[in-house]
Amino acid sequence: MRKPAETSVPVIPAIAERWSPRAFDATAEVSPQELTTLLEAARWAPSFGNTQPARYLVGRRGDPTFARILAALNSGNQAWAFRAGALLVGVMVTTNEKGEVPYAEYGLGLASENLVLQAVDLGLIAHQMAGFSADAVRSSFGLPEGAVPRVAIAVGHAAEAEVLEDERRIERELKPRQRVPLSEFAFSGEWGTPALGD
Ligand SMILES: Cc1cc2nc3c(=O)[nH]c(=O)nc-3n(C[C@H](O)[C@H](O)[C@H](O)COP(=O)(O)O)c2cc1C
């Protein structure tokens with residue numbers, strides 16, 4: 001299903017087409033080559049002073065890493081994410097040899113958005129999640145001090161909303177997407193004065 005962004009002017013296709021579906025095709029796989037492409041996109045994100053704080057745990061459906069990431073998700077996310085072709089956890093490295101890494105979370109966010117947009121460009125879907133236990137990830141994968149799991153990402157192929165089975169979940173999947181209007185988003189002159197029209 002498509003839920004393109006309603007924009008006043010065209011934006012690049014990956015941004016227009018990206019959204020956060022929960023209906024994944026449980027029979028379709030994400031190939032190692034596709035995962036390599038996603039990770040290359042993330043690896044080449046900018047970061048403060050090129051400190052590169054982003055790291056990823058990567059599992060493909062059927063492998064032990066996927067099972068361990070799935071087990072760390074909260075039950076609401078497990079209910080749909082088990083159908084994804086791949087599950088990842090974005091980890092931010094908060095310290096290096098110089099001490100605290102500035103803007104580490106910002107860096108992981110930039111890398112993860114690169115990854116998600118690259119997924120859309122490959123014809124895949126991706127859904128980021130905060131709903132997981134960082135402690136479970138930390139102990140399950142033996143993360144070192146200063147490595148902080150911050151986001152889980154489900155990647156895979158789209159399916160019809162009906163795979164979600166439950167009526168309420170299907171309704172949520174079909175709901176239109178919303179954003180604040182441009183007039184409340186960008187200001188110039190005084191805070192609150194729209195920089196542009198809608
Ligand atoms: C950091 C972050 C955490 C999120 N956590 C969850 C989550 O745990 N479960 C979920 O179903 N969606 C989660 N989402 C998806 C958001 O709800 C979604 O991006 C938002 O509603 C905007 O919708 P769109 O991505 O379709 O444009 C998360 C998104 C982000 C960026």
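Trainee: What percentage of the residues of the protein count as buried?
Mentor: Bear in mind that this is a predicted model. A residue is called buried when 20 or more other C-beta atoms lie within 10 Å of its own, and 30% of the 198 residues of the protein count as buried.

Trainee: Which elements make up the protein, and in what order do they run from the N terminus?
Mentor: There are 7 helices and 6 strands, and from the N terminus on they run α-α-β-α-α-β-β-β-α-β-α-β-α. Among contacts between residues at least 6 apart in sequence, 70% join residues at least 24 apart.

Trainee: What makes β2 largely enclosed by the rest of the structure?
Mentor: The reason lies in the count, because 7 of the 8 residues of β2 are buried, and so we conclude that β2 is largely enclosed by the rest of the structure. The reasoning for β6 runs likewise, since 9 of its 10 residues are buried, and therefore β6 is largely enclosed by the rest of the structure.

Trainee: How do you know that β2 pairs with β6, and in which sense?
Mentor: Two strands pair if there are at least two bridges between them, and β2 and β6 have 8 bridges, in the antiparallel sense. Within this pairing, Val-91 stands opposite Pro-149 in β6, and the bridge partner of Gly-90 in β6 is Val-151.

Trainee: Which other strand pairs can be judged by bridges, such as that of β1 and β2?
Mentor: β1 and β2 run antiparallel and are joined by 7 bridges, with Val-89 in β2 as the bridge partner of Leu-57. β5 and β6 also run antiparallel, joined by 5 bridges, and there Ala-126 stands opposite Val-155 in β6.

Trainee: Which residues have the most contacts inside the largest nonpolar core?
Mentor: That core has 43 residues, and those with the most contacts inside it are Leu-87, Leu-88, Ala-152 and Val-155. Several elements each supply at least two residues of this core, including α2, β1, β2 and β6, while α5 gives the most, with 7 residues. Leaving aside neighbours within four places in sequence, Val-155 is in contact with residues including Val-30, Leu-38, Leu-88 and Ala-126.

Trainee: Why is Pro-176 called exposed?
Mentor: The label exposed needs 12 or fewer C-beta neighbours, and Pro-176 counts as exposed because it has 6 of them inside 10 Å. Pro-176 is placed in the segment after α7, and although Pro-176 and Pro-4 are 172 residues apart in sequence, they are 9.6 Å apart in space, C-alpha to C-alpha.

Trainee: Which residues are around the ligand, and how do they divide into nonpolar, polar and charged?
Mentor: The residues around the ligand are Trp-19, Ser-20, Asn-77, Gln-128, Met-129, Ala-130, Gly-131, Val-151 and Arg-177. This shell divides into 4 nonpolar, 4 polar and 1 charged.

Terms used. Residues numbered from 1 in each chain as written. Predicted model: local features only at pLDDT ≥ 70, side-chain atom pairs only at ≥ 80, totals over all residues. Helix = DSSP H or I, 4+ residues; strand = E, 2+ residues; numbered from the N terminus. Contact = placed C-beta atoms within 7 Å. Core = buried A, V, L, I, M, F, W, Y, C linked by C-beta atoms within 7 Å. Near = placed C-beta within 6 Å. Nonpolar A, V, L, I, M, F, W, Y, C, P; charged D, E, K, R; others polar.
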